[in-house]
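This briefing is intended for a reader who is new to the structure shown below. Please keep the sequence and the model in view while reading.

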Amino acid sequence: MAVNLVKGQRINLGLSHVKVGLGWDSNNSDTGFDFDLDASAFCLDSNGKCASEKHFVFYGNKFSPDGAVQGADDDRTGDASEGDDETIKVNLDKVASDIQEILFVATIYEHEERKQNFGQVRNSYIRILNDANDEVMAIYELDEDFSIETAVEFGRLYRKNGEWKFEALGKGYNHGLDFLVEKYGLSVG
């Protein structure tokens, strides 16, 4: 049975092959554009920085160098009738030893041009699934916590005492993907 997480809550995984699913629905809006949210993952070292550009997994780089993280296919509408809009697969057995954390984020593509933010998005969540049988292990729903934010750190997988755990984060920013790329030690451009 799935655990419903609250912001800051942590759980032990006890799995090596997981799927990290992100989902959302867009509110009816008069911006004139579809909502295109993008799920990305940053593979971070012990300093909390992305180990290299290849350790940033997103629609432009589908695999981490160790092959442990496989990026999501880009869902450009968020209108999946059921289930996750974007799913990132992680094989925790393959994560390189220098990677201590895998951070999962969602950003709104072209948020400035389209005049869009998470206040116009509903039913957003992150969930952890057992990759072997698609059983939902945990889910964290963002609710309506965000109004002007355009990027959200949903959650993270992290190592502690040789085990992988998951933490629900729910940290929002009024910036785009470039901000997160710089925050985690990569150059934009």
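The side chains of Arg127 and Asp84 are joined by a polar contact of 2.7 Å; a polar contact is a pair of N or O atoms within 3.5 Å, where within protein one must be able to donate a hydrogen and the other to accept it, and residues adjacent in sequence count only if both atoms are side-chain atoms. This is a predicted model, in which local features need pLDDT of at least 70 and side-chain atom pairs count only at pLDDT 80 or more, while totals for chains, interfaces and linings use all residues. Residues are numbered from 1 along each chain as its sequence is written, and side-chain values use heavy atoms, with hydrogens and water left out.

- Arg127 is located in strand β9; helices (H or I, at least four residues) and strands (E, at least two) are DSSP runs, numbered from the N terminus.
- Arg127 counts as buried, at 18% relative accessibility; buried means under 20% relative accessible area, exposed over 50%, and partly exposed in between (1.4 Å probe, protein chains only).
- Not counting residues up to four places away in sequence, Arg127 touches Lys19, Val20, Gly21, Gly83, Asp84, Val136, Ala138 and Ile139, where contact means heavy atoms within 4.5 Å.
- Arg127 and Tyr158 are 31 residues apart along the chain, and 15 Å separates their C-alpha atoms.

**Salt bridges**

- The structure holds 9 salt bridges, a salt bridge being a side-chain nitrogen of Lys or Arg within 4 Å of a carboxyl oxygen of Asp or Glu.
- One of them joins the side chains of Asp134 and Lys19, at 2.7 Å from N to O. Asp134 lies in the loop between β9 (121-130) and β10 (136-141) and Lys19 in strand β3 (residues 17-26), so this pair ties together parts that are 115 residues apart in sequence.
- Within that pair, Asp134 is partly exposed at 41% relative accessibility, whereas Lys19 is buried, with a relative accessible area of 16%.
- Arg122 and Asp25 also form a salt bridge through their side chains (3.6 Å, N to O). This pair links distant parts of the chain, with Arg122 in strand β9 and Asp25 in strand β3, 97 residues apart.
- Arg122 is partly exposed, with a relative accessible area of 33%, and Asp25 is partly exposed as well, with 24%.
- Glu153 and Lys183 meet in a salt bridge between their side chains (3.1 Å, N to O). Glu153 belongs to strand β11 (residues 151-160) and Lys183 to helix α2 (residues 177-183), and the pair links these distant parts of the chain, 30 residues apart.
- Glu153 counts as buried at 1% relative accessibility, while Lys183 is partly exposed, its relative accessible area being 27%.

**Glu167 and its partners**

- Glu167 is placed in strand β12 and counts as buried, at 9% relative accessibility.
- The side chain of Glu167 makes a polar contact of 3.3 Å with the side chain of Arg10 and a polar contact of 2.7 Å with the side chain of Arg156.
- Apart from its neighbours within four places in sequence, Glu167 is in contact with Gly8, Gln9, Arg10, Gly155, Arg156 and Tyr158.

**The open sheet**

- An open sheet is formed by 6 strands, in the order β2-β12-β11-β8-β4-β5, with antiparallel pairing; two strands pair if DSSP finds at least two bridges between them.
- The edge strands, β2 (10-12) and β5 (56-57), each pair on one side only.
- Strand β4 (residues 37-44) pairs with β5 in the antiparallel sense over 2 bridges, and Ala41 stands opposite Val57 in β5.

**Residues with positive phi**

- Most residues other than glycine have a negative phi.
- Lys115, a residue other than glycine, has a positive phi near 55°. Lys115 is found in the loop between α1 (111-114) and β9 and counts as exposed, at 63% relative accessibility.
- Asn161 is not a glycine either, and its phi is positive at about 50°. Asn161 lies in the loop between β11 and β12 (163-173) and is exposed, with a relative accessible area of 73%.
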